[in-house]
There are 4 protein chains.
Amino acid sequence: MRKISVSIIGASGYAGGELLRLLLFHPYVSISQVTSRKFTRLEVGEIHPNLRKVTDLTFSSPADLKKCDLLFVALPNSVSMEYMKDLQIKATKIIDLGADFRLRDRKVFQDWYHTPHIAPEMLSTFIYGIAELHRKDIKKAKYVACAGCEATVSILTLYPLVKHGLIDKDIIIDAKMSSSQGGNSPTHSSHHPERSGVVRTYKPTDHRHEAEIKQELSPFMKDIQIAITATTIEMVRGLLVTIHAKPLAGVTEKDIWKAYRSEYQNEPFMRIVKKTTGNYRYPEPKILVGTNYCDIGFALSKRENRLVLIGAIDNLGKGTAGQAVQAMNLMFGYPETTGLEFPGLHPI
Amino acid sequence: MRKISVSIIGASGYAGGELLRLLLFHPYVSISQVTSRKFTRLEVGEIHPNLRKVTDLTFSSPADLKKCDLLFVALPNSVSMEYMKDLQIKATKIIDLGADFRLRDRKVFQDWYHTPHIAPEMLSTFIYGIAELHRKDIKKAKYVACAGCEATVSILTLYPLVKHGLIDKDIIIDAKMSSSQGGNSPTHSSHHPERSGVVRTYKPTDHRHEAEIKQELSPFMKDIQIAITATTIEMVRGLLVTIHAKPLAGVTEKDIWKAYRSEYQNEPFMRIVKKTTGNYRYPEPKILVGTNYCDIGFALSKRENRLVLIGAIDNLGKGTAGQAVQAMNLMFGYPETTGLEFPGLHPI
Amino acid sequence: MRKISVSIIGASGYAGGELLRLLLFHPYVSISQVTSRKFTRLEVGEIHPNLRKVTDLTFSSPADLKKCDLLFVALPNSVSMEYMKDLQIKATKIIDLGADFRLRDRKVFQDWYHTPHIAPEMLSTFIYGIAELHRKDIKKAKYVACAGCEATVSILTLYPLVKHGLIDKDIIIDAKMSSSQGGNSPTHSSHHPERSGVVRTYKPTDHRHEAEIKQELSPFMKDIQIAITATTIEMVRGLLVTIHAKPLAGVTEKDIWKAYRSEYQNEPFMRIVKKTTGNYRYPEPKILVGTNYCDIGFALSKRENRLVLIGAIDNLGKGTAGQAVQAMNLMFGYPETTGLEFPGLHPI
Amino acid sequence: MRKISVSIIGASGYAGGELLRLLLFHPYVSISQVTSRKFTRLEVGEIHPNLRKVTDLTFSSPADLKKCDLLFVALPNSVSMEYMKDLQIKATKIIDLGADFRLRDRKVFQDWYHTPHIAPEMLSTFIYGIAELHRKDIKKAKYVACAGCEATVSILTLYPLVKHGLIDKDIIIDAKMSSSQGGNSPTHSSHHPERSGVVRTYKPTDHRHEAEIKQELSPFMKDIQIAITATTIEMVRGLLVTIHAKPLAGVTEKDIWKAYRSEYQNEPFMRIVKKTTGNYRYPEPKILVGTNYCDIGFALSKRENRLVLIGAIDNLGKGTAGQAVQAMNLMFGYPETTGLEFPGLHPI
């Protein structure tokens with residue numbers, strides 16, 4: 001296959017670094033530039049120590065960005081929309097890993113991000129990056145906006161059940177988060193003695209990712225209600241959502257299996273994990289670290305008339321960089337799993 | 001004050017060890033015997049290394065148990081009810097830390113524990129051990145059954161709101177658990193490489209503690225529905241519950257504050273933790289390790305019409321051994337906080 | 001006993017916070033002021049969340065410091081010596097927790113701290129704060145300089161063997177450190193995703209605490225050579241040193257036991273931990289968290305002609321705040337263990 | 001290239017599982033059988049949850065082992081030597097991951113393992129598996145015995161300096177270990193509440209791996225003295241050794257760089273890590289998890305006349321399974337890095 005030239009804007013962050021790791025081993029990718037304003041001219045291995053001796057790339061200044069086939073944009077929220085017009089000149093195709101182009105409705109964006117969108121006319125040109133829902137559109141897309149990590153795992157866990165009409169519209173997502181989701185800038189709350197061992201509910205209600213989830217699922221269920229509670233725990237990398245839902249009358253375990261199978265049986269990165277024995281009976285984020293898998297499990301209680309869904313991903317994998325590479329594979333006609341074969345580690 | 005003689009049956013477990021730690025520093029307690037079938041004649045410090053040089057007690061055989069003023073029973077579930085009759089001969093008063101005497105209704109017991117109760121006639125003689133709800137009865141009690149740890153923190157978090165009629169009857173408890181709750185017997189799932197870093201949902205629905213919570217709260221709310229999902233995380237000690245509830249129409253943040261204050265403002269171990277700044281804005285179990293505190297926080301969302309309650313305890317403190325000492329203080333007329341003054345550590 | 005009035009300068013740091021926790025429960029202490037430049041007028045519980053509801057103290061400005069019986073100084077290195085003269089006006093007695101007054105020789109100070117001492121004439125007025133070595137002098141002291149945490153555990157572990165002439169002068173200290181030793185200011189290296197799970201050798205050679213250790217042990221062994229390697233690991237609180245030494249010809253295990261017993265058998269905070277069975281056969285810092293203990297173990301190998309010493313403390317306990325309270329007890333004639341009875345937790 | 005058929009005896013353990021993970025993605029390997037006595041007929045993903053959906057292999061009974069080109073033996077110590085004769089009938093080539101065939105001298109084996117060797121005549125037929133020392137012999141070998149994990153990293157760290165005559169013969173290895181090194185059988189000391197957060201010196205002196213290290217390094221330095229102290233810390237996977245050595249007179253930092261470069265500059269898995277800035281200035285095991293790298297750093301102190309060497313590996317990677325695959329690549333003429341390209345993760 002033809003190799004494409006690829007650059008990453010904002011490659012010194014955790015998402016950028018993970019993306020770079022994946023792309024360095026991708027057989028059809030030639031990395032052109034990786035930029036960092038702060039670390040210009042520094043070797044990549046100084047910031048991403050796992051890439052020492054793996055690559056001798058150095059960070060370029062964003063000002064020196066050259067034309068390339070595909071540009072990955074890994075900039076902070078609200079910075080991406082500032083530069084997007086300029087970036088579009090540099091590359092035929094763009095995959096944005098930030099939040100700025102995920103929501104199609106500028107009013108919804110403003111409602112949740114408390115600032116007007118700078119480039120609202122571009123919102124409709126981006127395809128939401130979850131391949132399992134938008135594969136056809138991503139294949140033809142020029143611009144893709146990758147989903148937020150909580151949104152990714154929540155949508156993937158809910159989608160088959162919502163689509164098949166098995167659950168009530170009132171949905172609670174109790175998310176267990178990791179420290180890498182906060183990015184790589186130290187704060188007092190990320191200071192190890194303060195952060196270690198916490199069970200810290202930093203966003204009990206009104207989490208921004210609710211908007212993305214509603215946008216993606218409301219076509220299948222009018223008036224869907226999403227409520228996220230986000231609690232960060234002792235974990236560097238990984239994300240698990242416990243979704244508390246109500247099954248509609250008469251829904252059986254078999255119906256749920258059927259819905260998941262009908263949507264995901266041919267999906268290479270989706271696994272249903274529901275065992276009666278063993279340590280890993282339900283999804284477990286630690287064995288997904290470095291992978292592009294999304295594992296889903298569930299339990300239905302008659303006594304409680306309740307359905308508990310459990311979804312797990314690597315927030316930097318399927319939740320960000322893996323999702324981006326999967327989208328790239330689709331956009332350029334490569335086999336969808338190329339460069340995403342790492343199976344994860346055990347023990348870890 | 002008069003010193004009482006106290007013994008602990010089953011003192012080699014984690015609950016027994018923590019109880020012993022507290023009692024060794026209690027000014028009105030003289031420890032008579034601590035028993036262990038498995039470790040008879042061994043020094044206590046061999047099993048509880050924090051008590052080396054602190055005490056030279058050795059474990060007695062349960063067969064050699066002498067009479068005492070107060071007996072703490074820290075035996076596994078279903079073992080306690082087997083021996084309770086015999087134990088009652090040995091002591092004027094008994095505090096049971098296990099599950100066998102918490103439920104007053106033998107049918108409910110059988111329904112959840114899948115075995116008939118051996119001593120059903122004794123069920124009504126035990127007072128449920130949460131002082132904040134049953135202080136008067138505990139003061140007069142001969143027999144007290146301490147609450148389960150999830151039940152303790154869930155009941156304490158919910159009680160004021162249920163009593164004051166502020167929330168809907170449909171209640172979801174998402175519990176974040178620690179490894180010490182599994183006791184001190186190794187299994188493959190507690191093996192460090194398998195257990196470390198997990199977000200392991202071991203009981204997604206139909207958790208036994210639902211029965212206790214219903215028993216305690218149903219007097220204030222008929223047909224209350226309790227659904228627990230239990231997920232164990234990277235934490236040795238500590239327990240946090242995230243309770244997802246629906247506020248009744250018109251309920252304001254002020255109403256919730258008022259309910260908590262009216263029930264807990266004079267409670268020495270209850271703290272409402274709800275801040276807008278700092279790392280510890282909501283309850284955090286790690287700073288409660290070793291203490292008898294129960295910290296409670298909440299967030300009310302108008303947008304989501306939802307109330308998130310957050311409760312945290314040390315599962316071996318307020319959740320077990322601390323609760324037992326608090327009950328003892330009430331039963332013998334000591335100041336309620338005696339021996340429970342440890343404030344917890346930071347950083348930790 | 002008469003209560004003394006005590007203030008803490010620099011009470012918002014980890015050492016200051018731990019000291020405050022201990023003093024709040026000390027029966028003969030009345031806390032007058034706790035100062036913080038940065039957090040003036042803030043409630044103490046905002047910074048030290050374990051002290052919420054325990055105290056309603058607020059931070060004072062250092063400029064408002066009033067006279068008191070005893071002043072604890074918990075300022076950063078080199079700041080302490082700047083203010084010491086002014087502080088001596090405020091209090092009859094002073095205990096300094098920083099590094100500025102530990103070394104008696106100004107040249108040695110300059111050699112290790114790369115700056116001239118501001119108040120060299122005061123160096124001789126401070127007594128080094130390890131009670132086990134300087135009890136008599138501390139009792140009479142006006143000014144005490146608490147030892148550094150690595151120095152404390154290293155000196156206590158080595159002292160009996162050096163004094164009794166059992167080991168060679170060439171001594172290697174391999175220290176395993178925790179994140180709280182870095183203080184409470186966030187840096188990129190303390191950022192949780194970067195700090196979590198590390199085995200990070202941040203000071204392989206030429207560690208400053210070598211100077212203190214030499215100062216304290218050289219009276220017993222001329223030309224003693226101390227070499228520290230400091231590696232920080234996944235631990236918030238605690239410190240363990242592995243000391244690699246050579247036994248002198250003919251030295252037996254019995255000789256070592258004898259040396260330790262002769263020096264420490266009546267010491268309330270020193271424990272020799274050397275077992276052949278159980279999980280806790282050698283010292284273990286996690287069970288010392290919150291305590292003032294120093295646990296010591298050893299192994300002698302004939303095959304290797306080598307003696308391995310193992311010493312563990314809580315760096316914020318015996319390594320800092322506990323040591324300071326122990327010194328205070330001596331200086332004011334209180335029983336030496338007052339306020340330091342907490343035995344530590346297990347499991348933790 | 002021709003694909004070879006490969007089987008693993010003892011594939012349910014951690015070493016076997018990691019080996020299987022690597023081999024499943026090796027382009028020139030076809031996995032014939034993976035055996036487990038205990039889990040015969042179970043799907044591999046039940047025991048190694050990271051391999052779910054990656055393979056549908058099931059465990060075979062060892063009794064059903066068929067002939068293959070290469071057999072990996074991952075059996076417990078002393079079991080391997082019992083079956084080796086029978087296994088040699090099954091395969092042309094064998095790579096043993098256990099300890100039984102590492103030492104060439106039967107007396108040394110008996111001295112350290114306290115049991116006579118069952119198959120002493122086979123000892124000389126095995127090549128020690130570290131490619132960096134024995135590449136030529138491994139290429140021609142029928143039988144390879146992979147080194148122990150502490151031995152691997154210690155030998156690799158010391159070898160250039162010993163060979164080039166830069167250090168004294170008296171060498172102390174302070175090893176920081178992880179819980180996966182204890183294998184996958186639960187014990188009370190691996191029980192999470194007991195194991196979590198420890199700094200546990202389980203083998204202060206007389207560690208068996210000393211024999212391997214001496215065997216490998218004594219050809220370059222007569223009378224080399226090796227003393228290991230092994231301390232296990234809060235880490236599931238990874239191994240770091242701090243080696244305390246004395247430089248010979250006149251040895252400079254440049255000499256050390258030169259020795260390492262001359263031996264390792266063309267080695268694909270050896271990296272010298274010695275930086276003056278950044279978080280990862282010295283080797284760090286966490287970023288090596290899943291890789292075959294061995295990172296080495298050092299610090300030379302004139303003041304202390306001391307050389308500290310720091311070596312890090314993944315104990316299940318370069319320390320076991322990675323080393324085995326590297327040896328396989330050499331034995332069958334594949335490019336040495338085939339299947340070992342994973343660069344490790346950051347953050348983790």
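What rotation superposes chain B on chain A? I found 180°, with 0.0 Å of shift along the axis and an RMSD of 0.0 Å.

I noted the ground rules. The model is predicted: local features need pLDDT of at least 70, side-chain atom pairs count only at pLDDT 80 or more, and totals for chains, interfaces and linings use all residues. Residues are numbered from 1 along each chain as its sequence is written, while chains are lettered from A and ligands numbered from 1 in the order in which they are written.

Next I looked for the residue of chain B that comes closest to the axis. B:E234 does, with its C-alpha at 3.0 Å. Both copies use the same surface, as 100% of the contact residues of chain B recur in chain A. Contact means C-beta atoms, placed from the backbone, within 7 Å.

Then I turned to the domains of chain A. An automatic or database assignment sets the bounds. Domain 1 is 4-147 + 318-331 and domain 2 is 150-315. Their C-alpha centres lie 24 Å apart. Domain 1 of chain A gives 18 residues to the contact, and domain 2 of chain A gives 24. On the domain 1 side, α4 (106-113), α5 (131-140) and α10 (317-331) of chain A each give two or more residues. Helices here are DSSP runs (H or I, at least four residues), numbered from the N terminus. The largest share of that side, six residues, comes from α10(A).

Methods
Copies are superposed by least squares on the C-alpha atoms of residues with pLDDT of at least 70 in both. Two residues are in contact if their C-beta atoms, placed from the backbone, lie within 7 Å.
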